[in-house]
Amino acid sequence: MFVSTGPNIDDIQSAALADIAAADTLDALEQARVRHSGRKSALAGVLAGIGALPPDQRGTVGKGANIVRQAIEVALNERHHALEADQLAASLSADRVDITLPGDPIRAGAQHIVTQLWNEIEEIFIGMGWQIADGPHVEDDFHNFTALNIPEGHPARAETDTFYITGGHGTVLRTHTSPVQVRVMETQEPPIFAVMPGAVYRNEDIDATHGAMFHQLEGLAVDEGLSMAHLKGMLQHFVHELLGPTFEIRLRPDYFPFTEPSVEVDVLWTDRNGRQTWLELLGAGMVDPNVFAHCGIDPERWTGFAWGMGLERVAMLRHGVSDLRLLFDADLRFLEQFGDAGNVR
Ligand code: PHE
């Protein structure tokens, strides 16, 4: 092949540079590369033909062809970088996250009103230096009854509708939180100041005020020289902290096998219409010396008081809920009413 019959070297260069400049994708550029600097390109033809030229032309043609080859390579490289940069910029802008778009809403949970109350009461007693204690929900006869001065055949056993564990020889679902008192006294030396919240179980027909499972919060103080005055003063303080400084309490005589004397504690409740009524809040009393004896605590030296309250009852009072079952139905339309972000922990 002779240069004189092939394309002019300047034409080769300008055609190549124009094609390279026009390549708008990396694929198109690759095609331009094959076309203008590949083995079958016009330029390759010129270079291959140099050896066949008359010796006096070889230098000039070779030099010119090399300059063109370099120019094409430089153009290819530059175009390659430019297209890569364009591609990167395009994918960056296509994949960009718009942080100003509103996010998917996260539904904030809220604590159940019984849990709210439970936590508030714990806080009040922790503030007074009391401890929180826990015990098993499946109890033995001794802790649920006998140690609490409720021996076999005692009418109180028949009064509480107990769930018995089949084949459990007196093993029960605890009917109150009072067995935790026993467990605390068995394992700790007085003085003892403890509150014991948790679920309790009774084989009740479920209605607006009765459930087969509900929650109690028990309190126990054991020290030297405790009296009903301490019990009353502590409960008054507790009610002021929980409900507000204007809430009065009163004590009425009552009976529990494990306290002597025993009282029912009422709170003077003002309803939404401003009407005041005494409402039963909890049961309490001075720890019966027999209970101390069952727990290995010397009744001659130590005195104590205890109380137990139903958490659902108080939560219902506070929030004006008229049916206990609403607290257990897990109906979000009901529960969300009490969804106060401030209560989410
Ligand atoms: N355990 C009693 C109940 O379930 C409540 C109570 C506890 C009463 C402690 C007095 C002292 O009804």
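Axes are lines fitted to C-alpha atoms, for helices over the stretch in contact, and the angles between their N-to-C directions run from 0 to 180 degrees. In the predicted model examined here, the axes of helix 2 (residues 26-37) and helix 4 (residues 55-94) come within 10 Å and cross at roughly 170 degrees. Angles over 145 degrees count as roughly antiparallel, and helix 2 and helix 4 are therefore roughly antiparallel to each other. On the side of helix 2, the contact is formed by Leu26, Leu29, Arg33, His36 and Ser37. These residues meet Ile72, Leu76, Arg79, His80, Leu83, Glu84 and Gln87 in helix 4. Sorted by class, the residues of this contact comprise five nonpolar, four polar and three charged.

A second pair of helices was examined in the same terms. Two packed helices are described by the angle between their axes and the distance between the axes. For helix 5 and helix 11, the axes come within 9 Å and cross at roughly 105 degrees. Helix 5 contributes Ile113, Val114, Gln116, Leu117, Trp118, Glu120 and Ile121 to the contact, while helix 11 contributes Leu311, Glu312, Val314, Ala315, Arg318 and His319. Eight nonpolar, two polar and three charged residues make up the contact of helix 5 with helix 11.

Seven strands form an open sheet in the order 1-4-5-9-8-7-6, and the pairing is mixed. Strand 1 (131-132) and strand 6 (249-256) stand at the edges; each has a single partner strand, so one side of each is left without a neighbour in the sheet. Helix 5 (residues 113-127) packs on the sheet, where it touches strand 1, strand 4, strand 5 and strand 9 (303-310). The direction of helix 5 makes about 170 degrees with that of strand 4. Within the sheet, strand 4 (residues 192-201) and strand 5 (residues 213-223) run antiparallel and are joined by ten bridges. In this pairing, Tyr201 stands opposite Met213 in strand 5.

Empty space in the model was also examined. Rolling a probe the size of a water molecule over the atoms shows where empty space is left. The largest pocket has a volume of about 1200 Å³. It is lined by 48 residues, of which Arg202, Phe214, Gln216, Phe256 and Glu280 are the closest to its centre. At least two lining residues are supplied by each of helix 7 (155-159), helix 8 (178-187), strand 5, strand 6, strand 7 (259-270), strand 8 (276-287), strand 9 and helix 11 (311-319). Strand 8 gives the most to the lining of the largest pocket, namely seven residues. By class, the lining has 22 nonpolar, 17 polar and nine charged residues.

Finally, the backbone was inspected. Most residues other than glycine have a negative phi, and most peptide bonds are trans. Against this background, the peptide bond from Pro190 to Pro191 is cis, with omega near 0 degrees, and Pro191 is found in the loop between helix 8 and strand 4. The peptide bond from Glu260 to Pro261 is likewise cis, with omega near -5 degrees; Pro261 lies in strand 7. Asn149, although not a glycine, has a positive phi of about 70 degrees, and this residue lies in the loop between helix 6 (141-144) and helix 7.

Technical notes: Residues are numbered from 1 along each chain as its sequence is written. This is a predicted model: local features need pLDDT of at least 70, side-chain atom pairs count only at pLDDT 80 or more; totals for chains, interfaces and linings use all residues. Side-chain values use heavy atoms; hydrogens and water are left out. Two strands pair if DSSP finds at least two bridges between them. Helices (H or I, at least four residues) and strands (E, at least two) are DSSP runs, numbered from the N terminus. Contact means heavy atoms within 4.5 Å. Angles under 35 degrees count as roughly parallel, over 145 as roughly antiparallel, 65 to 115 as roughly perpendicular and the rest as oblique. Ala, Val, Leu, Ile, Met, Phe, Trp, Tyr, Cys and Pro count as nonpolar, Asp, Glu, Lys and Arg as charged, and the others, Gly among them, as polar. On a 1 Å grid over the protein atoms alone, a cavity is a set of points where a 1.4 Å probe fits but cannot get out, and a pocket is an open set with protein on both sides within 12 Å along at least five of seven lines; lining residues have an atom within 4 Å of a point. Grid points are joined across faces, edges and corners, and a volume is the space filled by probe spheres set on the points.
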